Amino acid sequence: IILMVEVDEEAVYVKHHKAKLVYILSAMRHHAELLRYEGWQVDYVTLDDPENAGSFTGELARAIERHAPDNICVTEAGEWRVKAMLDSWNDRFDVPVTICPDDRFLASHAEFEAWADGRKQLRMEFFYRDMRRKSGLLMDGKDPAGGQWNFDAENRKPANRDSAVPRPLHFTPDAITHNVMQLVAARFDDHIGSIDFFGFAVTRADALKQQAYFLDHVLINFGDFQDAMLTGEPFLWHSILSPYINSGLLDPLELCKGVEERYRQGKIAINAAEGFIRQIIGWREYVRGIYWLAGPDYVRRNALGATRPLPDFYWTGKTDMQCLSQAIGQTLKYAYAHHIQRLMITGN
């Protein structure tokens, strides 16, 4: 029996963008349908179920009453808050709980801890090189393809209007997604963002279409313009694949192998292939590793001694500062901003 639950606690512990909630809930409901089609028994609790307990723990308690299981298997948590919840289940319930590793990442927690042990500086670049060696991606024997590990210096070209900027695929919401959109609009009206432009893939089949579109039509210019910003162009040559990787619709190693294949075939330059693969097996893995290594108090560290609250325009985009207005405005509209907008604009 596969238990899938939509719970209010996960939707409101921070006020997620409405479109993010639509994406997660719709992807869950579509996945449940696929599992049932493939013969699995799925126990699915919707957010508007009047008996919904509102939390993972509460819903697990109700499911134990329904099914009297011999054991419970769950994938490890992606954040400290949920880890504490999962860790309490063995004591709370009279059913053994097995916590399984999350296979959406290349490096295990133990592997990252071993890499970090004894180092004075935890530099992503050196971790990234180990991930290249482990995965074999862009390796010519023991040496990096192209003769060097990092081609970031070639990835800082400014975008211009003369280039034909691609558009990510737009997936028209089906009946399941429309029902979720109505639910989110009614239940989370005080959350930020719009769902009027929702067009994310909510199935693996559609996520694979966006992956293929990126590999065949967009990746060629990803390297040159990955650090660029251009007024009125929210997507540029970015992949729009991170939601699908993070939720499990796409496999990160499979994606990176597709990127390497295009490079080996001579369809893209090394700076495009290396720049993209570094984002996935370098930065994505490294940030996760640092999060777990630093511990649950990491969120309360304040090295710069910041005390002032964010200004109101941070949540509305209504400011004369053009970069902020553009980055925040498109985030509210599309629930998306690429890594330079997040790091250099809203992050700063």
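This briefing describes pairs of aromatic rings and charged side chains over rings. The model is predicted, so local features need pLDDT of at least 70 and side-chain atom pairs count only at pLDDT 80 or more, while totals for chains, interfaces and linings use all residues. Residues are numbered from 1 along each chain as its sequence is written, and side-chain values use heavy atoms, with hydrogens and water left out.

**Aromatic pairs**
- The structure holds 19 aromatic pairs, in which rings of Phe, Tyr and Trp (its six-membered ring) have centres within 6.5 Å; planes under 30 degrees apart count as stacked, over 60 as edge-to-face and the rest as tilted.
- One of these pairs joins F112 and Y286 edge-to-face, at 6.2 Å centre to centre and 65 degrees between the planes.
- F112 belongs to helix α6 (residues 109–116) and Y286 to helix α13 (residues 270–294), so this pair ties together parts 174 residues apart in sequence; helices are DSSP runs (H or I, at least four residues), numbered from the N terminus.
- F127 and Y286 form a tilted pair, because their ring centres are 6.3 Å apart and their planes lie at 50 degrees.
- Ring pairs link F112, W115, F127, W283 and Y286 into a cluster.

**Burial**
- Both F112 and Y286 are buried, meaning under 20% relative accessible area (1.4 Å probe, protein chains only).
- Y286 has 13% relative accessibility, and F127, also buried, has a relative accessible area of 1%.

**Charges over rings**
- R288 lies over the face of F105, at 4.0 Å from the ring centre; such a charge (NZ of Lys or CZ of Arg) is within 6 Å of the ring centre and within 35 degrees of the ring normal.
- K333 lies over the face of F197, at 4.6 Å from the ring centre.

Terms used: Helix = DSSP H or I, 4+ residues; strand = E, 2+ residues; numbered from the N terminus. Buried < 20%, exposed > 50% of the residue type's maximum accessible area, 1.4 Å probe, protein only.
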